Amino acid sequence: MTLIELIWTITPAVILILIAFPSFKLLYLMDEVDDSSMSVLAEGSLKGGPKSYILNKREDTCYTFLIGQKNKVKLVKVWNRFENNLIHYPQCSMFHTLVRAKNRIGPHNEDVISVLIGSLLGDSYASNRSGEGTRFCYRQSEKHIYYLFWLYDFFHSRGYCSNLKPRKYTRKIRNECKLYYGYEFNTFTFRSFNWIHKMFYKKGRKYINKEIEQYLTPLALAIWIMDDGGWANPGVRIATNSFTIEEVNLLVSILEKKFKLNCTIQYLKNIDKYSIYILGSSISTLKDIILPYLHPSMYHKLNIKKNLDIN
């Protein structure tokens with residue numbers, strides 16, 4: 001092959017590559033999704049079967065649209081985290097499996113946000129995946145298998161994780177010979193969960209933000225206690241080992257102000273950390289608040305002993 005033939009062959013390929021790179025950037029920008037404060041789900045039926053539609057709206061209003069000539073679809077607003085408003089949306093367990101991770105923008109109902117907030121106060125952790133969004137990772141020891149699978153069913157039924165059942169893991173604690181077994185699963189990645197990651201993490205460390213007060217619902221409190229609570233006669237102790245004394249004081253003030261629970265802070269000398277102790281005088285109040293949300297396998301957290309057949 002002569003030099004002229006070589007140039008004649010390679011030059012068009014080089015030109016195409018030079019054209020392609022700006023095009024890739026343009027396509028990415030066209031596919032970008034704004035991190036909106038509220039998402040709205042519309043569900044209806046068109047030719048070809050049922051479909052779901054997502055629209056982003058900054059306004060705090062309700063919308064009604066006509067799709068086609070006969071199908072009327074009502075768009076319902078969901079929890080606007082800035083206005084703290086809630087209207088339940090029709091659940092669609094398959095929706096989030098049909099879109100790319102970075103395009104998953106909700107909607108998120110109050111029960112979903114509550115479980116996420118409660119579990120982040122407890123044992124779960126959030127993973128921020130650059131360019132995609134945030135996912136949540138759940139892990140429980142084998143003795144809490146029923147609770148872990150209940151969490152999985154909660155998210156799976158709402159379309160927040162795949163149909164792959166929680167996987168079993170083996171863990172060995174440093175300086176110990178004993179093996180520990182448990183189960184774990186992850187939620188899907190959502191860009192609209194980035195604000196939760198930002199609220200809970202600073203420089204890679206979990207911390208307590210004062211904004212958490214508005215999201216600490218009775219369901220969130222129940223999840224927190226199922227994760228990190230334990231009966232310590234005559235009250236309930238909540239492990240807050242990973243938080244500073246200032247952050248623990250903030251949590252205590254929220255519990256006292258929002259739920260009227262009498263609490264003290266206990267200093268754990270052996271690990272130089274702190275825990276929250278809900279006094280026995282408030283256990284009756286605590287039961288009224290969280291018992292409707294407690295999984296039966298976690299009743300012992302409130303010193304409730306029942307012969308339950310847990311499937």
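This is a predicted model: local features need pLDDT of at least 70, side-chain atom pairs count only at pLDDT 80 or more; totals for chains, interfaces and linings use all residues.
Residues are numbered from 1 along the chain as its sequence is written. Local features need pLDDT of at least 70 and side-chain atom pairs count only at pLDDT 80 or more, whereas totals for chains use all residues, and side-chain values use heavy atoms, with hydrogens and water left out.

The chain contains seven helices and 14 strands, taken as DSSP runs (helices H or I, at least four residues; strands E, at least two) numbered from the N terminus. Of its 311 residues, 42% are buried, that is, under 20% relative accessible area with a 1.4 Å probe, protein chains only. Contacts (heavy atoms within 4.5 Å) between residues at least 6 apart in sequence join residues at least 24 apart in 62% of cases.

Helix 3 (residues 145–157) packs with helix 5 (residues 218–228) at an angle of about 145 degrees, and their axes lie 11 Å apart; axes are lines fitted to C-alpha atoms over the stretch in contact, and angles run from 0 to 180 degrees between N-to-C directions. In this contact, Tyr-147, Trp-150 and Leu-151 of helix 3 meet Ile-223, Met-226 and Asp-227 of helix 5. By class, five of these residues are nonpolar, none is polar and one is charged, where Ala, Val, Leu, Ile, Met, Phe, Trp, Tyr, Cys and Pro count as nonpolar, Asp, Glu, Lys and Arg as charged, and the others, Gly among them, as polar.

Helix 5 is mostly covered, with ten of its eleven residues buried. Among them are Ile-223, Met-226 and Asp-227.

Note on methods: Buried means under 20% relative accessible area, exposed over 50%, partly exposed in between (1.4 Å probe, protein chains only).
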